[in-house]
Amino acid sequence: MAIMTGPGDLPAEPLGQALAEGVYGVYHSLQNAVHEMLGELSLTEALADAIWQLDPAEGPKSRRALAGRLHYDPSNVTLIVDRLEERGLVESAPDRSDRRVRAIALTPAGIRARNRLIAATASSPTFAPLTPDEKGQLARLLARCAHRDPAATPPAPSAPATQSTAGDLDNTG
């Protein structure tokens with residue numbers, strides 16, 4: 001049976017179908033894996049997204065810049081930032097280059113929460129079937145898809161050769 005794609009009722013390509021199924025499958029699997037961590041941290045997905053976008057390595061961001069990264073209206077970001085400030089996860093201070101602007105940055109508690117979210121994602125059962133080399137390859141491919149520099153993705157650690165379930169030597173890592 002052909003999958004219809006929209007107004008023209010053209011069948012979806014098998015590769016397009018496979019990509020969509022894979023992306024949605026991984027998305028839902030990760031949502032399930034991270035859901036428990038969000039509960040432990042008393043965070044909603046919107047709050048966790050804001051924490052993710054406030055990468056300490058990139059420095060503080062204005063509310064407008066954060067809104068752009070989140071694809072939210074700036075007025076909605078005010079509520080998110082206020083909720084994160086109440087929890088002690090972010091702090092705002094006058095921007096060094098424009099004192100009229102408030103720069104938002106993670107606090108040490110916010111950095112710990114961000115690191116826990118990263119660890120929950122990385123250790124998710126979603127990625128359990130992959131070897132370390134495959135995880136590194138996936139990280140590089142995802143960086144390319146997200147238009148980030150794949151060279152910034154650290155290489156996967158080398159793993160010793162293991163026995164596969166078929167008893168053959170598996171050097172994929």
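Lys61 is buried, with a relative accessibility of 9% (buried means under 20% relative accessible area, exposed over 50%, partly exposed in between; 1.4 Å probe, protein chains only). Let's start from this residue and work outwards. The model is predicted, so local features need pLDDT of at least 70 and side-chain atom pairs count only at pLDDT 80 or more, while totals for chains, interfaces and linings use all residues. Residues are numbered from 1 along each chain as its sequence is written, and side-chain values use heavy atoms, with hydrogens and water left out.

**Exercise A**

Find the salt-bridge partner of Lys61, then trace the network that includes Lys61.

*Solution.* 
- Step one: look for a side-chain nitrogen of Lys or Arg within 4 Å of a carboxyl oxygen of Asp or Glu, which is what a salt bridge requires. Lys61 meets the side chain of Glu58, at 2.8 Å from N to O.
- Step two: check the exposure of the partner. Glu58 is partly exposed, at 44% relative accessibility.
- Arg69 is partly exposed at 35% relative accessibility.
- Through shared partners, the salt bridges join Glu58, Lys61 and Arg69 into one network.

*Solution.* 
- Step one: the total for the structure is 4 salt bridges.
- Step three: Arg114 is buried, at 8% relative accessible area.

**Exercise C**

Work out the order of the strands in the open sheet.

*Solution.* 
- Step one: list the elements. The protein chain has 6 helices and 5 strands (DSSP runs numbered from the N terminus: helices H or I, at least four residues; strands E, at least two). Along the sequence they read α-α-β-α-α-β-β-α-α-β-β.
- Step two: pair the strands, which takes at least two DSSP bridges between them. The open sheet has 3 strands in the order β1-β3-β2, with antiparallel pairing. Its edge strands are β1 (61–62) and β2, each pairing on one side only.
- Step three: zoom in on β2 and β3. These strands run antiparallel and are joined by 5 bridges, and Glu91 has Ala105 in β3 as its bridge partner.

**Exercise D**

Describe the lining of the second largest pocket.

*Solution.* 
- A pocket is an open set of points on a 1 Å grid over the protein atoms alone where a 1.4 Å probe fits, with protein on both sides within 12 Å along at least five of seven lines; lining residues have an atom within 4 Å of a point.
- Step two: name the lining. Its residues are Pro60, Glu91, Ser92, Ala93, Pro94, Asp95, Arg96, Ala103 and Ala105. Two or more residues each come from β2 (90–94) and β3 (102–106), and β2 gives the largest share, 4 residues.
- Step three: sort by class. The lining has 5 nonpolar, 1 polar and 3 charged residues.

Definitions and conventions
Nonpolar A, V, L, I, M, F, W, Y, C, P; charged D, E, K, R; others polar.
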